[in-house]
Amino acid sequence: MLLKYETVLWLGTWLQVKAELDLAVEKGICADDYAEELADYPGLLEALKSAPLYAPGIMKAFRAGELSTRLTHPDIRQALGGDTQWAHIAQQHSAETDLIANAVKLVDRLRDQHDEEISHHIAHNPELNRLHKAICVLPRRVCPICGGIRMLDTRPVRPLAAEYLAFDLSDGLIVLDPLTAPAQLDFGWVCDSCGFEEAEEPEEPERHWYRWDSDMPAPARGLFERFEAISEIIAVRRPPKEEWYVLVGGRWYGTAREKLVNRLSFGT
């Protein structure tokens, strides 16, 4: 499975959530303090527990009725998309989908407002600062596929990840966002721009295209047209996802099909 890009995201998420949790503890913020008030909204209470630092801000908006605004389907999909804890909370509490989606959007705004405070905490916490510095100086090179300047090699932080991420983040009562952590972290070269990561050639390709083929689906055609360095493309179905691999300069790089559609805006 292709997990290098998820590993990059998880490292950053771990730093962010750990800093937020530390600050919530320092400020004495406890989501359970609102349990009685939210007795009829268990899904929103779970959302507070997943982002405890922002619980007062979310509750202020809830009391003002700002979270009850109905969202359009694209807005909900954007807020609760992907295999995240937010999405799973909403699935378990479907009657509160709008409330939860609005709370998630509010968390993003509050997170921006607390960015300086969180950065200061990370800088002055030896454990967090050590991992943050290691991430900032990861080896990088120009991506041979898209030309982006942030193709990162995450292998140098493998020892720190094993040391810091061995246990789920928890405030002692609830595990924080475990679904954003891949079951098995994968380290190596991955592009922070296009999302392609260095990979092995699939042993049993289901579909295989060359640049001169006339009949191919939209994603393959789009890849060949946009990236001239690609000479071959392979698609492999690994339920529930499909992985796509490209050959560039004698090396294979892979990404999930959903990234081709969503991240690179290729058609289906």
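Select Glu37 first: at 37% relative accessibility it counts as partly exposed (buried is under 20% relative accessible area, exposed over 50%, partly exposed in between; 1.4 Å probe, protein chains only). This is a predicted model, in which local features need pLDDT of at least 70 and side-chain atom pairs count only at pLDDT 80 or more, while totals for chains, interfaces and linings use all residues. Residues are numbered from 1 along each chain as its sequence is written, and side-chain values use heavy atoms, with hydrogens and water left out.

Arg63, at 53% relative accessibility, counts as exposed.

Move to Arg141 and Glu198, another salt bridge, with the closest N and O atoms 2.9 Å apart. Arg141 has 24% relative accessibility and is partly exposed; Glu198, at 23%, is also partly exposed.

Next, select Glu242 and Arg207, a salt bridge with 2.6 Å between the closest N and O atoms. Glu242 is buried at 7% relative accessible area, whereas Arg207 is partly exposed at 32%. Colour Arg237 and Arg257 too: salt bridges that share partners join them with Arg207 and Glu242 into one network.

Finish at Leu67, one of the residues with the most contacts inside the largest nonpolar core, which has 49 residues. Such a core is a set of buried Ala, Val, Leu, Ile, Met, Phe, Trp, Tyr and Cys residues joined through side-chain atoms within 4.5 Å. A separate core of 21 residues includes Ile145, Phe224, Ile230 and Val248.

Terms used. A salt bridge is a side-chain nitrogen of Lys or Arg within 4 Å of a carboxyl oxygen of Asp or Glu.
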